Amino acid sequence: MDKDAEIELLRTLLADAEARAKEADAVKRTFLLNMSHELLTPLNAIIGYSDMLREEAQDMGEDGKLFDTDLKKISASGRSLLSLVSDVLEMSKIESGDMEVHLEEVDLHELLADVGRSAKEHVAVWDNELILHVDPSVPLMFTDRTMVHQTLLELVRNASRFTREGQIEVIAELVEMADGAGVSVLVRDNGAGIESRELEHIFDSFRQVDNTTTREQDGAGLGLALCSEFCRRLRGDLTARSTLGEGSEF
């Protein structure tokens, strides 16, 4: 076989391998999407019914306290799993190029209040206190509400995983940027902190911080990678600082 024939054969083999890889990737994405959607229905039912039963247990007073504690754990576990499934769905959208940005006017005061309500049970698991503050000078934002909400909720939940009987603060301020005014949001905790060697890879997909505190919690290492991707798509950035034993700032 001459050299030109060898080159042509290699090109054919490479093209075939590339086509097979794309087909396998498409099959993987389809499987993840279908599986995620199949999980959402029973998960929503578990969360909904556990919340209904909690209300009934609370109405029982002292007789319902034991039930309320157990039901609270069921509800919190269901929400954590729901968050994980949602992360898988979002990552699948990003990989397939289906992730779209929908811009609208957003009141950050209302959005943070909504984040606080959504994160209430998660923060309370380890007896933490959530403090929300938006500087009065912050105007309406023109951004993707869902992405901002999802990012802040994930950062607050992540801070809760590292913090015990501490404080988690979310502070939003107006800042000057190269192309005009912008909004800076700080999520700060006084928890266990993160080692510097782990901090370098904290926004990598499928990467979990190697910390005994986080092993007690859920997660597949997708949350912070998604947050970073959302911030980039909204023409922003996500950075992290941490001191072991003192806490972290995102």
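This is a predicted model. As background, strands of a sheet pair through backbone hydrogen bonds, and the pairing is either parallel or antiparallel.

Now the other neighbour of E4. Strand E5, residues 180-189, runs antiparallel to E4, and ten bridges join the two. Within this pairing, Ala172 stands opposite Val185 in E5.

From E5 we go on to strand E7, residues 247-249. These strands are antiparallel and are joined by two bridges. Arg188 has Glu249 in E7 as its bridge partner.

Now put the strands together. The sheet is open and has five strands, in the order E2-E4-E5-E7-E6, with mixed pairing. At the edges are E2 and strand E6, residues 241-243, each of which pairs on one side only. On average, neighbouring strands of this sheet are turned by 15° against each other, with direction ignored.

Next, the helices on the sheet. Helix H3, residues 108-124, lies across E2, E4 and E5, and runs at about 175° to E2. Helix H4, residues 145-162, also packs on the sheet and touches E2, E4 and E5. The direction of H4 makes about 25° with that of E5.

H3 and H4 are also linked by side chains. Asp114 and Arg145 meet in a salt bridge, at 3.8 Å from N to O. Asp114 is in helix H3 and Arg145 is in helix H4, 31 residues apart, so this pair links distant parts of the chain. Asp114 is partly exposed, at 22% relative accessibility, and Arg145 is partly exposed at 29%.

The search of the whole structure finds twelve salt bridges, and I will show two others. One is between Arg232 and Glu229, with the closest N and O atoms 2.7 Å apart. Both residues lie in helix H7, residues 223-233, three residues apart, which is about one turn of the helix. Is Glu229 buried or exposed? Glu229 counts as buried, because its relative accessibility is 16% and the cut-off for buried is under 20%. Arg232, at 49%, counts as partly exposed.

The other salt bridge joins Arg241 and Glu249, at 2.7 Å from N to O.

Last, the rings. The structure holds one aromatic pair. Phe203 and Phe250 form this pair, edge-to-face, with 6.3 Å from centre to centre and 80° between the planes. Phe203 lies in the loop between helix H5 and helix H6, and Phe250 in the segment after E7, so the pair ties together parts that are 47 residues apart in sequence. Phe250 is buried, at 9% relative accessible area, while Phe203 is partly exposed, at 22%.

The charged end of Arg164 sits over the ring of Trp126, 3.6 Å from the ring centre.

That is the end of my part. Thank you.

Technical notes:
Residues numbered from 1 in each chain as written. Predicted model: local features only at pLDDT ≥ 70, side-chain atom pairs only at ≥ 80, totals over all residues. Heavy atoms only, no water. Pairing = 2+ DSSP bridges. Helix = DSSP H or I, 4+ residues; strand = E, 2+ residues; numbered from the N terminus. Axes fitted to C-alpha atoms, helices over the stretch in contact; angles between N-to-C directions. Contact = heavy atoms within 4.5 Å. Phe/Tyr/Trp six-rings, centres within 6.5 Å; stacked < 30°, edge-to-face > 60°. Buried < 20%, exposed > 50% of the residue type's maximum accessible area, 1.4 Å probe, protein only. Lys NZ or Arg CZ within 6 Å of the ring centre and 35° of its normal. Salt bridge = Lys/Arg side-chain N within 4 Å of Asp/Glu carboxyl O.
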